[in-house]
Amino acid sequence: WAKGNKLSYADDERRCKVLKDVFSNQPMRDITPLQIERFKLSLVGKKTYRGTPRAGATVNRYLALLSKIFSIACDNGFVDSNPCKRVRKEREGGKRERYLTFDEESRLMEALTGDLDYLRPAVIVSVGTGLRKSELLRLEVDHVNFGNASKFYAVNGRDVEIPPNWLLVVKSKNKKPRIIPMNSMVRGALSGVIQGASGSQLVFSQARCGV
């Protein structure tokens, strides 16, 4: 299910190994909310491979995955109920939203010289749009609208409107398309990279710009 519905399915595969180590020796019908609560407590505060305490948000990802497994089992008649619904989630911290300061952005651009100069356009676009690495590397020429009128791009059988000076992310983290405005720096960086390319060619590729 994760492979068909989530770009981050590899994280689920990794977490499933932990779930199997804990719960694989008993039938799903026998797993109780108390066992799940004990499992949750065994994760709380445990050090990660980085040496930092495991955050509440990460613990909740394990609970969400286990809950999804039970939900699928319920839908297919393997179990009658989902015990995860009776286990309270951990408190999560604030959003991880983070913006570069003017000084940080200036120092970042100063570092992109010499052998790293080829990364400058990609970094400018990433900073100016918030695109994830995977989204940046899937960006195609046709996804960018430099024109004065809207253009349309077909995604999953329907046309998505891309306004002037906007770009399209065909597949975001939740696998849904979204459009993002371009500021002057992003537009300038993309104009230089896209020059000479067309159609479905990738904007950033090893062959064309070394990214």
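Is Asn-165 buried, exposed or partly exposed, and what is its relative accessible area? The views below show a predicted model, in which local features need pLDDT of at least 70, side-chain atom pairs count only at pLDDT 80 or more, and totals for chains, interfaces and linings use all residues. Residues are numbered from 1 along each chain as its sequence is written, and side-chain values use heavy atoms, with hydrogens and water left out.

**View A. Asn-165 in the loop between strand 3 and strand 4 (166–169).** Asn-165 is partly exposed, at a relative accessible area of 30%; buried means under 20%, exposed over 50%, and partly exposed in between (1.4 Å probe, protein chains only). Its phi is positive, near 65 degrees, in a residue other than glycine. Most residues other than glycine have a negative phi. Strands are DSSP runs of E with at least two residues, numbered from the N terminus.

**View B. Asn-156 in the loop between strand 2 (151–155) and strand 3 (158–162).** Asn-156, not a glycine, also has a positive phi, of about 55 degrees. The residue is exposed, with a relative accessible area of 72%.

**View C. The open sheet of three strands, in the order 1-4-5.** The pairing is antiparallel; two strands pair if DSSP finds at least two bridges between them. Strand 1 (144–145) and strand 5 (178–181) are the edge strands, each pairing on one side only.

**View D. The antiparallel pair of strand 4 and strand 5.** Four bridges join these two strands. Val-169 has Arg-178, in strand 5, as its bridge partner. Strands of a sheet pair through backbone hydrogen bonds.
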